Amino acid sequence: MPAPVPDLQSIAAAGKRGLSRALALIETHEGTAELARLLDAALAQSRAHVAGLTGPPGVGKSTLTNALLRDWRGRGETVGVIAVDPSSRRTGGALLGDRARMATDPEDQGVFVRSMAARDRLGGLSDQTIAATALMRALFDRVLIESVGIGQSEADISFAVDTVILCVQPGSGDSLQFMKAGVMELPDIVLVTKADMGEAASRARSEVQGALTLYARDDDWRVPVILVSAARGDGMEELHQALADHRAWAERSGAFLTRRAAQERAWVEESIRARFGSEGLARATGVKVSAAGPFTRELLFARELTRRLERP
C-alpha cells in the first residue's frame, strides 16, 4: 500500500527529512488527487521568490549558486535549491554533478538542495521540477533553480521562476549565438561570469548589451548586465540589488502575479500536451472544470480526456 500524502504543515514540521519524503511522493503518487491537493495547497501558501540560473555548461552556474546560498544564509534567509543535472543514459537518474559541487552544511535546516535528472527534456528542466518548486515556494524564503545548462534551448526555465538569470562567459561566442537564437528574450538579469578576465569580460558585456537592443520586451523592465566573479565575490552586491529591484518592479507593476498566472496555465497545457498530444490539448479546450488550483485542474482535464478516449 502506497505511503499517504502528508499535509503541508506535517512536511514543514519534519524539516529536511519531511521534504525529502514529500519530493519522493511526486513520482510515486503522480496523477493522484491527494498529491494534486497538496501541491495546490502549497501554491496557495507561496512565500518564496524564485530565481532561475540558466546558461551553457561550464559558465559557472554552480559557483554562483554556492555564492548566492552563502549570502542568503548569511542574511538569515532560508533557501531551497533544485539543481537539474544531466541524466545517466543507463539509469535515467541525475549524475549529481552540480550537487557534488555545492558546499552546504548537512545540519543546516535552513537550506535544502535536491538534484533532479533532466531525462529527455530539452528545455533545461526535469518533469518533476514544477511540482518540487511548488512545494519549496511554501517552505522557504528563497528558491533557486539551476538548469541543466544545455545552451540555446532553455525556455522552460521561464515556466518556473520569477526572475530569469542568464549567465554567459567571456570569449565563448555565447553572445553571438544568443543573438541568433533569440535567447535574449528570456532573461530578466544577465551575468557575464569570470569578470577577472578583464578586457575579455568587458567586451562580452558590451556584446550582450548590444544583443539586448535587438529584442523589444513587452514591459518596461530594463535588463541589467552585470560583471561577476563569484569565486572572488565581484559583482555579487550588484546581483543582489538587481534581484531586489526586479522583484520590487514586478510586484509594483503587476508583472509578478501576471507571470505566475501565465505559468500555471502553461503547466496545465504542457502536462496535457505531453500526455495526450496536440490533439488532446485541443480537445481539452472544450472541457469545463471548476478546480481553482492548476494541479487539480490538470488532473480533472486528464481524467475527462481519458474517459472520452475510452468511450466507444
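Mentor: Start with a contact, meaning heavy atoms within 4.5 Å. Here L64, A67, L68, D71 and W72 of helix α4 touch M236, L239, H240 and L243 of helix α9. Helices are DSSP runs of H or I with at least four residues, strands are runs of E with at least two, and both are numbered from the N terminus. This is a predicted model: local features need pLDDT of at least 70, side-chain atom pairs count only at pLDDT 80 or more, and totals for chains, interfaces and linings use all residues. Residues are numbered from 1 along each chain as its sequence is written, and side-chain values use heavy atoms, with hydrogens and water left out.

Trainee: Which classes of residue make up the contact of α4 with α9?

Mentor: Ala, Val, Leu, Ile, Met, Phe, Trp, Tyr, Cys and Pro count as nonpolar, Asp, Glu, Lys and Arg as charged, and the others, Gly among them, as polar. The contact of α4 with α9 has 7 nonpolar, 1 polar and 1 charged residues.

Trainee: At what angle do α4 and α9 pack?

Mentor: Two packed helices are described by the angle between their axes and the distance between the axes. Axes are lines fitted to C-alpha atoms, for helices over the stretch in contact, and angles run from 0 to 180 degrees between N-to-C directions. For α4 (residues 61-74) and α9 (residues 236-253) the angle is about 75°, and the axes are 11 Å apart. The two helices are therefore roughly perpendicular, a term for angles of 65 to 115 degrees.

Trainee: How many aromatic pairs are there?

Mentor: Rings of Phe, Tyr and Trp (its six-membered ring) pair if their centres lie within 6.5 Å; planes under 30 degrees apart are stacked, over 60 edge-to-face, and the rest tilted. By this rule there are 2 aromatic pairs. One is W221 with W249, a tilted pair at 5.6 Å centre to centre and 40° between the planes. W221 lies in the loop between α8 (199-212) and β7 (225-227), W249 in helix α9, 28 residues apart.

Trainee: Is W221 buried or exposed?

Mentor: Buried means under 20% relative accessible area, exposed over 50%, partly exposed in between (1.4 Å probe, protein chains only). W221 has 12% relative accessibility, so W221 counts as buried. W249, at 8%, is also buried.

Trainee: What about the rings of W267 and F295?

Mentor: Their centres are 5.7 Å apart and their planes at 40°, so that pair is tilted. W267 sits in helix α10 (residues 255-284) and F295 in helix α11 (residues 294-310). Both W267 and F295 are buried.

Notes:
Parallel < 35°, antiparallel > 145°, perpendicular 65-115°, else oblique.
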